[in-house]
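Please read them with the structure open beside you.

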Amino acid sequence: MATSAFALKEQGNKAFKAGDYKEAEDLYSKAIQRDSANPALFTNRAFTRIKLQAWDACIDDCIRAIELQPQSMKGYYYLAQAQVALHHPNEALSSATTAYEICLRTLDSSASNISSLILQAKKEKWEVKERERIRRRSDLLRELEDGLLRTADVQRLQVDQRLKHLELDPTEGREEKEEITEATRRKVEEVRNAFAVSDPVNLARREVPDYLIDYISFAIMHDPVVTKTGNSYDRSTLLEHLKRSNTDPLTREPLTRDDLRPNLALKQACAEFLEENGWAVDW
């Protein structure tokens with residue numbers, strides 16, 4: 001039985017590498033029927049479902065993988081990706097942070113990718129707060145944005161109906177939904193920019209530049225240091241990391257306290273940004 005599940009898994013891997021994600025999903029599902037206690041089968045299918053944009057099904061697989069293997073880095077990583085896609089930034093940030101912590105403990109090579117996902121989730125969490133702040137300032141902006149989002153929802157439902165009636169294959173449906181999402185994002189951005197020009201103090205979007213952010217705590221750095229590989233981190237969070245592992249958190253190259261040098265230019269940039277943007281303390 002286990003051999004059969006393994007063979008199906010290998011076939012699924014081949015289909016995945018060939019870009020036939022639906023076939024890969026079917027093969028992983030058959031493997032799971034034969035070995036439902038193997039967390040790797042659930043994470044494999046979860047990754048395939050990410051490619052298919054089957055977000056809810058992906059989440060189900062990730063939760064099952066985590067139940068079987070509580071320290072499943074891939075389970076939390078894929079879960080965070082699905083949660084970001086469904087615009088659940090709070091849950092995504094929690095899942096991605098857990099994946100990152102497991103990654104650091106196990107010295108997995110995925111730290112850089114997970115760091116980027118954490119930053120994306122944190123930005124989306126901030127974006128939700130910013131959007132609500134700006135919308136509260138302008139009833140007209142709120143009405144325009146809501147109208148654009150409702151139109152996009154209708155368009156996505158129309159794509160679902162065409163998929164149901166086999167007028168589109170899954171790849172075409174996924175691409176059309178991506179185009180709808182991107183077009184809506186651009187329209188909302190254009191509307192916001194127009195309103196920001198009319199009232200820059202209250203309606204302009206506030207952002208934190210990526211280069212000011214520490215990729216361990218994902219907060220704005222206060223005392224940045226630079227490593228021999230050229231990466232900058234906040235001194236306090238990096239020193240805490242080095243107590244657990246003498247490696248660069250992102251590159252995994254050997255790193256000690258003696259390799260750290262103050263990044264004075266970046267420290268000044270962080271201080272100036274916080275002085276001019278007091279709101280960023282809560283970012």
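1. R162 counts as partly exposed because its relative accessibility is 31%, where partly exposed is the range between buried (under 20% relative accessible area) and exposed (over 50%), computed with a 1.4 Å probe and protein chains only. The side chain of R162 meets that of E167 in a salt bridge, with 4.0 Å from N to O; the term stands for a side-chain nitrogen of Lys or Arg within 4 Å of a carboxyl oxygen of Asp or Glu. E167, for its part, is exposed, since its relative accessible area is 53%.

2. A word on the basis of these notes: the model is predicted, so that local features need pLDDT of at least 70 and side-chain atom pairs count only at pLDDT 80 or more, while totals for chains, interfaces and linings use all residues. Residues are numbered from 1 along each chain as its sequence is written, and side-chain values use heavy atoms, with hydrogens and water left out.

3. For the overall picture, the secondary structure of the protein chain comes to 12 helices and 3 strands, which are DSSP runs numbered from the N terminus (helices are H or I with at least four residues, strands are E with at least two). The C-alpha trace spans about 60 × 55 × 30 Å along its principal axes, and 42% of the 283 residues of the protein chain count as buried.

4. The count of salt bridges comes to 18, and one of them joins E25 to K22, with the closest N and O atoms 3.1 Å apart. Both residues belong to helix α2 (residues 21-34), and because they are 3 residues apart there, about one helical turn separates them.

5. E240 is partly exposed, with a relative accessible area of 41%, and K243 is exposed, with a relative accessible area of 65%.

6. On the surface, D169, E172, E175, E178 and E179 gather in a patch of negative charge. Such a patch is made of residues with over 30% relative accessible area and no salt bridge, like charges being joined within 9 Å; Asp and Glu count as negative, and Lys and Arg as positive, with His and the chain ends not counted. Among the members, E172 lies in helix α9 (residues 170-198) and counts as partly exposed because its relative accessibility is 36%.

7. Q53 is placed in the loop between α3 (39-51) and α4 (55-68) and is partly exposed, with a relative accessible area of 24%. L166, in turn, lies in the loop between α8 (139-164) and α9, and at 74% relative accessibility L166 counts as exposed.

8. H88 occupies the loop between α5 (73-85) and α6 (89-106), where it is partly exposed, with a relative accessible area of 36%. How far from the C-alpha atom of H88 is that of A121? The separation is 8.4 Å, although the two residues are 33 residues apart along the chain.

9. Finally, on the cysteines, how many disulfides does the model contain? The count comes to 0, a disulfide being a pair of cysteine sulfur atoms within 2.5 Å. For C62, which is in no disulfide, the nearest cysteine sulfur is that of C58, at 4.0 Å; C62 counts as buried, at 0% relative accessibility. C103 is likewise in no disulfide, the nearest cysteine sulfur being that of C62, 16 Å away, and C103 counts as buried at 0% relative accessibility.

Conventions: Patches are made of residues with over 30% relative accessible area and no salt bridge: like charges are joined within 9 Å, nonpolar side chains (Val, Leu, Ile, Met, Phe, Trp, Tyr) within 5 Å. Accessible areas come from the Shrake-Rupley method with a 1.4 Å probe; for residues, only the protein chains shown count as cover. The place of a charge is taken as NZ of Lys, CZ of Arg, CG of Asp or CD of Glu.
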